[in-house]
Amino acid sequence: MEAAQIPKQRGEQLLDAVLRYTEERHWDVIPGTWLEAVGGAERCSCGEARCASPGAHPTRPDWAGRSTGSGAAARRMWSEYPTASVLLPTGRTFDAIDVPEAAGFLALARMERMNLPLGPVTCTPDRRMLFFVLPGTGAQVDDLVRKLGWSAVAIDLSGRGDGDYVVAPPTRIGGRGAVQWARRPTPANRWLPDAVEVIGPLAYACGREAAAARARLS
């Protein structure tokens, strides 16, 4: 199956981002599905009409084993599929804490005021935010939230670690928009925080938003 013909600039933006991730951050990357034009509309290259994440998910079950941290290998991959989405496996150089966007921005502002150590943060068109933390700490999220008196499921907070991935900017998810950086990767945030350092503000914000949502429904 061939990638859709999308303007060259789009492919160049994706490749530029991929090379920054591999060469500057030493993150593993893997090309995912892409968007292709069919009958005047865009659809996911997987061919599923009701794809949950069009143009932004792995192409095959063994995706994790095909990821690479080599810039040269990544360049070859995106040369073959220049409009492929950019996926970053978690559980290797970073994990991620996934929260609703409203809670994420609330927590981000609070953590910045507290001068807490923060890593990169993405914002998705599905109104989610992902906070990058040390690898191996995502699995601790449920226990950490429980110790604070909440249920991670009830407040819509989760950790992503080994065997999972995040969709990286500037990948576009269907017609919803592109994933963006709320906090870009910079030399200043190369050293990631432990989940325990950020879980308090994140859980508090998620708990507050969950309570407000329940109040609106009552």
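**Close-up views of a predicted model**

View 1. With a relative accessibility of 30%, Trp 150 counts as partly exposed, since buried means under 20% relative accessible area, exposed over 50%, and partly exposed in between (1.4 Å probe, protein chains only). Trp 150 belongs to the loop between helix H4 (141-147) and strand S8 (158-160); helices (H or I, at least four residues) and strands (E, at least two) are DSSP runs, numbered from the N terminus. The model is predicted: local features need pLDDT of at least 70, side-chain atom pairs count only at pLDDT 80 or more, and totals for chains, interfaces and linings use all residues. Residues are numbered from 1 along each chain as its sequence is written, and side-chain values use heavy atoms, without hydrogens and water.

**View 2. The buried face of helix H3.** Helix H3 (residues 101-113) has 13 residues. Its buried residues are Glu 101, Ala 103, Gly 104, Ala 107, Leu 108 and Met 111. Seen down the axis of H3, these residues fall within an arc of 150° (taken from the directions from the helix axis to the C-beta atoms), so they line one face of the helix. They pack against strands S5 (95-100), S6 (121-123), S7 (128-133) and S10 (180-183) and helix H5 (195-217), where contact means heavy atoms within 4.5 Å. Asn 115, which follows H3, has a positive phi near 55°.

View 3. Gly 71, Ala 73, Ala 74, Met 77 and Trp 78 are buried in helix H2 (residues 71-80). They cover an arc of only 160° around the axis, which puts them on the same side of H2. Arg 76, Ser 79 and Glu 80 are exposed on the other side of H2.

Note on methods. The expected span of a helix is 1.5 Å times one less than its number of residues.
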